[in-house]
Protein chains: 4
Amino acid sequence: MSHLKYQSAIEKLHECMEACNHCYDACLQEDDVKMMAECIRTDRECADICSFLEQALTRGTPFVSELAEACAKICEACGNECKKHDHDHCQKCAEACYACAEECKKLVA
Amino acid sequence: MSHLKYQSAIEKLHECMEACNHCYDACLQEDDVKMMAECIRTDRECADICSFLEQALTRGTPFVSELAEACAKICEACGNECKKHDHDHCQKCAEACYACAEECKKLVA
Amino acid sequence: MSHLKYQSAIEKLHECMEACNHCYDACLQEDDVKMMAECIRTDRECADICSFLEQALTRGTPFVSELAEACAKICEACGNECKKHDHDHCQKCAEACYACAEECKKLVA
Amino acid sequence: MSHLKYQSAIEKLHECMEACNHCYDACLQEDDVKMMAECIRTDRECADICSFLEQALTRGTPFVSELAEACAKICEACGNECKKHDHDHCQKCAEACYACAEECKKLVA
């Protein structure tokens with residue numbers, strides 16, 4: 001079954017989606033929300049596309065390469081934004097984003 | 001075709017999704033982001049479920065009532081949050097949320 | 001962090017989403033696609049709401065109960081449809097749907 | 001507001017999402033479902049990414065170009081699949097897909 005060959009990608013996408021959503025949730029509760037506005041935004045963009053691609057892989061989408069290319073770029077951009085902030089949730093999110101971006105690049109034809 | 005009987009609901013859901021996403025976008029650019037944190041959060045929850053139900057209606061989902069019941073409650077809660085804030089985008093969003101909640105209630109069996 | 005208390009629900013939702021998407025993918029490749037039409041339909045409805053709720057739980061949604069109530073009913077309906085078919089992917093999907101429905105019911109206030 | 005400059009794209013994406021979901025719904029009710037399997041699949045892939053991009057545009061996503069590039073390719077592929085089938089819903093869907101693909105290409109940086 002096609003989804004088995006994507007097992008590693010599915011895991012990274014899932015971890016990145018969770019990290020981004022936790023970071024989003026935590027950022028909204030920080031004292032310095034204004035400083036976190038761009039992080040809040042990219043977190044949700046990134047969580048959404050990771051969740052989208054994860055689902056697409058599990059249903060045998062014919063569009064792996066097209067979606068993975070977009071996802072890799074969004075993960076990278078989100079990682080770059082998160083990395084700027086010292087909060088633990090931001091640093092962990094940046095790591096998950098970069099790991100996911102690498103995995104997505106492998107899926108691009 | 002089943003989606004025609006849902007035309008009015010589809011329109012309200014779409015308007016609510018747009019109003020919530022505009023409000024979310026505008027809130028993230030306000031000076032008082034901290035004050036808007038809960039509004040940012042409910043905006044996105046509401047936009048997402050409205051978009052979900054809108055799509056479900058256009059594809060003949062068998063689960064209209066179940067989804068509309070959840071959507072009505074989320075729209076109402078988002079309207080209540082938005083209504084607290086004087087920003088024009090918040091007031092407009094509250095209106096769209098309440099209108100959508102009414103429409104959703106009609107879909108509940 | 002709020003998502004930790006939902007760990008068990010997140011896992012069941014994820015397993016159900018994967019099982020539904022695999023079943024959808026496999027049904028579309030069966031010889032008797034016509035017989036599987038309703039299963040194809042409920043699989044995707046169920047995968048979509050499970051994925052939606054899973055994401056919502058990881059981002060601290062204030063609407064756990066509303067979404068879980070809808071999700072429990074959709075999982076149950078999808079399980080009932082899948083159970084009618086002898087294909088291994090349908091039987092496995094039914095199991096995942098029922099397990100997820102139980103977990104969702106625990107989240108309803 | 002940024003979403004205004006995307007008004008034309010939002011409309012085409014919405015029309016394409018609706019056309020794809022109607023086509024999916026209708027295909028599942030055709031006598032020759034087996035012949036429509038690939039159309040069912042691409043319809044849902046296309047509806048999902050159109051809905052995703054539409055929402056992203058309304059919330060001021062920083063990732064317009066990345067998402068539009070993927071969406072254009074998926075719309076084109078879905079249009080090519082739908083065009084093969086004589087059903088009215090398939091022909092209409094193909095038209096909506098091609099129109100949306102053109103609009104998406106304009107969004108690619």
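# A tour of the predicted model

Start with B:His87, which sits in the loop between helix H4 (64–83) and helix H5 (88–107) of chain B. Keep in mind from here on that this is a predicted model.

**Stop 1: around B:His87**

With B:His87 selected, show its surroundings. Leaving aside residues up to four places away in sequence, B:His87 touches B:Glu30, B:Asp32 and B:Met36. Which of these side chains makes a polar contact with the side chain of B:His87? It is B:Glu30, at 3.4 Å. B:Ala26 and B:His87 are 61 residues apart along the chain, and their C-alpha atoms are separated by 9.3 Å.

**Stop 2: a salt bridge between chains**

Now select B:Arg41 and A:Asp25 and show their side chains. The two side chains meet in a salt bridge, with 2.5 Å from N to O. B:Arg41 belongs to helix H3 of chain B and A:Asp25 to helix H2 of chain A, so this pair joins two chains. How many salt bridges does a search of the whole structure find? Over all chains, the search finds 48. Side chains of opposite charge can pair when their charged atoms come close.

**Stop 3: chain A against chain C**

Hide the other chains and keep chain A and chain C. The contact between chain A and chain C takes 20 residues from each of them. The size of an interface is often given as the accessible area lost when the parts come together. For chain A and chain C, about 1600 Å² is buried between them, and 47% of that is on carbon and sulfur atoms.

What kinds of pairing cross this interface? Zero salt bridges are found between chain A and chain C, while eleven residue pairs are in polar contact, both residues being at pLDDT 80 or more.

Colour the chain A side by element. Helix H1 (2–5), helix H2 (7–27) and helix H3 (37–58) of chain A are the elements that give two or more residues to the side touching chain C. H2(A) has the largest share of that side, with nine residues. Colouring by class instead gives four nonpolar, ten polar and six charged residues on the side of chain A that touches chain C.

**Stop 4: chain D against chain B**

The area buried between chain D and chain B is about 1600 Å², with 47% of it on carbon and sulfur atoms. The count of salt bridges between chain D and chain B is zero, and eleven residue pairs across their interface are in polar contact, both at pLDDT 80 or more.

**Stop 5: the largest cavity**

Rolling a probe the size of a water molecule over the atoms shows where empty space is left. A search of the whole structure finds three cavities of 30 Å³ or more. The largest cavity holds about 510 Å³ of space.

To find the largest cavity, select A:Phe52, A:Gln55, B:Phe52, C:Phe52 and D:Phe52, which lie nearest its centre among the 23 residues of its lining. The elements that give two or more residues to this lining are H3 of chain A, helix H3 (37–58) of chain B, helix H2 (37–58) of chain C and helix H3 (37–58) of chain D. By class, the lining of the largest cavity divides into four nonpolar, eight polar and eleven charged residues.

Notes. Residues numbered from 1 in each chain as written. Chains lettered and ligands numbered in written order. Predicted model: local features only at pLDDT ≥ 70, side-chain atom pairs only at ≥ 80, totals over all residues. Heavy atoms only, no water. Contact = heavy atoms within 4.5 Å. Buried area = accessible area lost by both parts, 1.4 Å probe. Salt bridge = Lys/Arg side-chain N within 4 Å of Asp/Glu carboxyl O. Polar contact = N/O pair within 3.5 Å; in protein donor to acceptor, adjacent residues only side chain to side chain. Helix = DSSP H or I, 4+ residues; strand = E, 2+ residues; numbered from the N terminus. Nonpolar A, V, L, I, M, F, W, Y, C, P; charged D, E, K, R; others polar. 1 Å grid on protein atoms, 1.4 Å probe; cavity = no way out; pocket = protein on both sides within 12 Å on 5 of 7 lines; lining within 4 Å. Points joined across faces, edges and corners; volume = space filled by probe spheres on them.
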